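Have a look at the sequence and the fold, then read on.

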Amino acid sequence: MATAQKMGDGMRTMLLFLVLAATLPAANYYVTIAGLGGAPEYDTQFAKWAADLDKELKTNGPEAHVITLSGTGVTRQKVQETLTGLNAEVKPVDAFALFLIGHGTFDGTDYKFNLPGPDITASELAALLNRIPARRQLVVNMTSCSGASLGPLAKKGRIVITATKSGTEKNATVFARYWIDALKDPSADTDKNGTVSALEGYAYAQRKTAAYFEAEKLLATEHAMISDTGTANAVRDPKPENGNGLLAAAFTIIRPDTEGASSLSPDKQKLLAKKEDLEAKIDRLKYQKAAMPEQEYKQQLTALLLELARTQSEIDR
């Protein structure tokens, strides 16, 4: 009798635990990794993009767990330890997102994300992500050659966005800048539901990237792609006809401050436009680097960076 009662008490305790676990709110886990720049200007840019993304993601509230890795200490071992450390913390009901900023390479077989020391391959990243329990996952690979990572990273329940369509698009990308802008700009929320989804972020960044190359009269060297069907059959234009976009539309990244953004003064809006123009000029200068004397390149880059810093300071006032 006593044994039966103990078993009954144990069953009730277990049922109570399961009920409480089922009612726990889902959390959002965001990991941003800024890889190796290879040159001072890229090291600075990648670190800034990572910091900007970190700042925006942290506006999501207490349910947002934001981890940002940047600098010379971001080795393959550090990436492995960070992602492995989430295995016991993340629950199946949670959402998990990985953002990769930097350079990538493709040797015809493996995509590699450039890090200080040994690089990490897409297959190694996929193996790490597969052990994270979250059933809803997003990977935004904003590096050069990132299209080559689609195959290894594709998995049912995982959205994969890449800045390039293949491993042959090797130039440094600008997609990361516009992805971050999507989290700041209320216009990215096209369905006006108060959030920016992975699909809306992709559409915004893709559109802005294409507009950048057109405005600068440059041949487009990156073409963003998305797949959320669990396969490597990515598309540029997700829609019901090609079966892509459903998961991405349901994956919320951020809730923008629409009221705050809409009340910006005309002067502040001009400063933001000036900032975007300066950033475009910096990117264009980088494309011209190979054909310029090194000293001239450094002088022009320094002048643009100083002007950008002054503009940002005025924006932050």
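Predicted model: local features only at pLDDT ≥ 70, side-chain atom pairs only at ≥ 80, totals over all residues.

Residues are numbered from 1 along each chain as its sequence is written, and side-chain values use heavy atoms, leaving out hydrogens and water.

**Overall fold**
- The chain holds 11 helices and 11 strands, taken as DSSP runs numbered from the N terminus (helices: H or I, at least four residues; strands: E, at least two).
- Of its 317 residues, 45% are buried, meaning under 20% relative accessible area with a 1.4 Å probe, protein chains only.

**A β-α-β unit**
- Strands β1 (residues 28-34) and β2 (residues 64-69) run parallel and are joined by 6 bridges; strands pair if DSSP finds at least two bridges between them.
- Threonine 32 has threonine 68 in β2 as its bridge partner.
- Together with helix α2 (residues 40-57), β1 and β2 form a right-handed β-α-β unit: with the strands pointing away from the viewer, the path from the first strand over the helix to the second runs clockwise.

**The cavity**
- There is 1 cavity of 30 Å³ or more, a cavity being a set of points on a 1 Å grid over the protein atoms alone where a 1.4 Å probe fits but cannot get out.
- The largest cavity has about 50 Å³ of space, the volume being that filled by probe spheres set on the points, which are joined across faces, edges and corners.
- Its lining residues (an atom within 4 Å of a point) include Lys48, Trp49, Arg177 and Lys275.
- Helix α6 (175-184) gives the most to this lining, with 4 residues.

Terms used: Buried < 20%, exposed > 50% of the residue type's maximum accessible area, 1.4 Å probe, protein only. 1 Å grid on protein atoms, 1.4 Å probe; cavity = no way out; pocket = protein on both sides within 12 Å on 5 of 7 lines; lining within 4 Å.
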